[in-house]
Amino acid sequence: MKELQHLNKYFKKYWLRLFAGIIITIVARVFSLVMPPYVNKSVREVEAFLKTEGASVDALGGVLIENILIILGAALFSGFFTFLMRQTIINVSRYIEFDLKNEIFQHYQKLHLAFYKKNRTGDLMNRISEDVSQVRMYAGPVIMYGITTFTLFACVIPIMFYKAPTIAAYTLLPLPILSVLIYRISKIIHKRSTVVQEFLSGLSTFAQETFSGVNVIKAYGLERTTAEQMQELAHEGRDKSMDLVKVNAWFHPMMTLLIGVSNLLVIFIGGQQYISGKIDSLGIILEFIIYVNMLTWPVAIVGWLTSVIQRAEASQKRINEFLNVAPEIENSIETDTPITGTIEFKNVSFTYPDTGIQALKNVSFTIKAGETLAILGKTGAGKSTILDLIARLYDVDSGEILIDGTPLPSLNLNSLRNSLGAVPQDAFLFSDTIANNIKFGKEDASSAEIETAAKNAAVHENIIGFKQGYETILGERGLTLSGGQKQRVSIARALIKDPNIFLFDDCLSAVDTETEEKILGNLQEASSSKTSLIVSHRVSSARTADQIIILQDGEIAQNGPHELLLSENGYYKELYHTQLTDKENPQ
Ligand SMILES: Nc1ncnc2c1ncn2[C@@H]1O[C@H](COP(=O)(O)OP(=O)(O)OP(=O)(O)O)[C@@H](O)[C@H]1O
């Protein structure tokens, strides 16, 4: 139960509702206890009537109707309070479920990128959905049924022993056996259903990958192989499900059997006692049959509750594992720190913690606010890493990055990220309209602003060419943009934000050189007073920059403006001539 202590703060938050729920649960059960003695009483009245000669039928009818009305009234009250019980306790468990999901989601958002690389998306989703549902069972049904069971035990068992101790002892005998059996079966059911769940999630991953990669499957003619693999998996799934069904099938018959045995014992022992004159009325046998039936579910539920608590504990353990991961990038500055845009790298070295790859070695450069820096270099040279470090997605190992003279950790993280307009290498667009995808950079942007941004990113003409223009839905159930169109929508998203620093990560790689020139021209205008970092493989993206850095294996090999680098022998000059030749002699 150690792990589940995490929920105590929520129980405290909703203590009043919970307390009301507990009282209501007790009241509901107490009302349900009115019926059995009145049934007994009615039988006695009938027995007395039969024994007394000349007794009035009308008088008997009157008493019986009175008893029936009392039983009916108590049942109505019990039903009403049972309704209120669910409205309080189950509602609290839903509130806790909601709060816990929000807590986990907000925590996920604070976690480091390395966390997302280490843990699979399916696992993250499972913990926030499946595991939270298991934990909810503890916060609601366990409390509700637990109190119901406790109240019934505390009231019914003493009443039974008070009224007829021998019948009570015999009839209660099978109930603990029932409880243990249900506990065992619940555990087996849980084990097997976990196997089925895991299998099903593997099956859906396979199906999802198949559908996502349907182009490749068709292109390689692998439809048949894939269908066979799917069939194999389906057969395996059927066997696992059958294992589960077999145990499930034992549950109800066993319950019925044990209830039957208890009822038989009441009738048998009660009958013997009646014959031997130890009890004076058949009414007591009827009363006991009702008690036994009242107790059966709570007894069965003790076993079920135990296994639910164990599952909730295991789920909360998995949730806590993630909640206990501390965010590596901490925001230690509460107040806003406005940013102009001078960026300085001082002997920065950085190694990716998960791969151990040293991406940057002693990198130093300065770029003044409003200037443009182009970063070129072979693939894997460390270009994107520089941009990620500026956005503080990672903290440096040694050296220092300063913005406007302040080291990054001394800047408010939100101020820093709000002042950046980042266009990543692989543009990610949401399954939403194009307008909303662009507006992602500025939620309150007007249609005119969206259009201007799209024009500057040279994608406006493409967008108005679609039937629904800016309202065209992208993604799985919508339109698929070409690589170049995606990149340009992503650029529009950064432009509309109007930040002080632009980070363009090879974001023009999928557009032709003519469009590239057009966009660069627009960018120069739109971002003339802004600091821009452009990572690229093309000289055409770099030539107008105030400063160009050539990275080689994480180190700066060359640094200077276009003219200077052209005058030096090195990567830049080679690249310039290769790309110039390509342009002059296209294949
Ligand atoms: N998230 C990451 N985790 C671990 N290692 C990484 C990560 N990202 C990059 N690396 C490694 O760090 C090195 C530098 O990568 P980086 O992405 O900065 O190169 P790049 O110059 O931008 O390359 P490209 O031009 O192909 O985009 C590479 O060796 C790469 O494998």
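The buried residues of α18 pack against α15 (447-456), α17 (483-497) and α19 (539-542), where a residue is buried if 20 or more other C-beta atoms lie within 10 Å of its own and exposed if 12 or fewer, and a contact needs C-beta atoms, placed from the backbone, within 7 Å. This is a predicted model, in which local features need pLDDT of at least 70, side-chain atom pairs count only at pLDDT 80 or more, and totals for chains, interfaces and linings use all residues. Residues are numbered from 1 along each chain as its sequence is written.

**Helix α18**
- Ile-519, Leu-520, Leu-523 and Ala-526 are the buried residues named in α18.
- Seen down the axis of α18, its buried residues fall within an arc of 125 degrees (taken from the directions from the helix axis to the C-beta atoms), so they line one face of the helix.
- Glu-514, Gln-524 and Glu-525 are exposed on the other side of α18.

**Whole protein**
- The protein has 21 helices and ten strands, which are DSSP runs (H or I, at least four residues, for helices; E, at least two, for strands) numbered from the N terminus.
- The radius of gyration, taken over C-alpha atoms, is 37 Å, whereas a compact globule of 587 residues would have one near 25 Å, by the rule of 2.2 Å times the number of residues to the power 0.38.
- Along its principal axes the C-alpha trace spans about 130 × 60 × 50 Å, and 30% of the 587 residues count as buried.

Conventions:
Contact = placed C-beta atoms within 7 Å.
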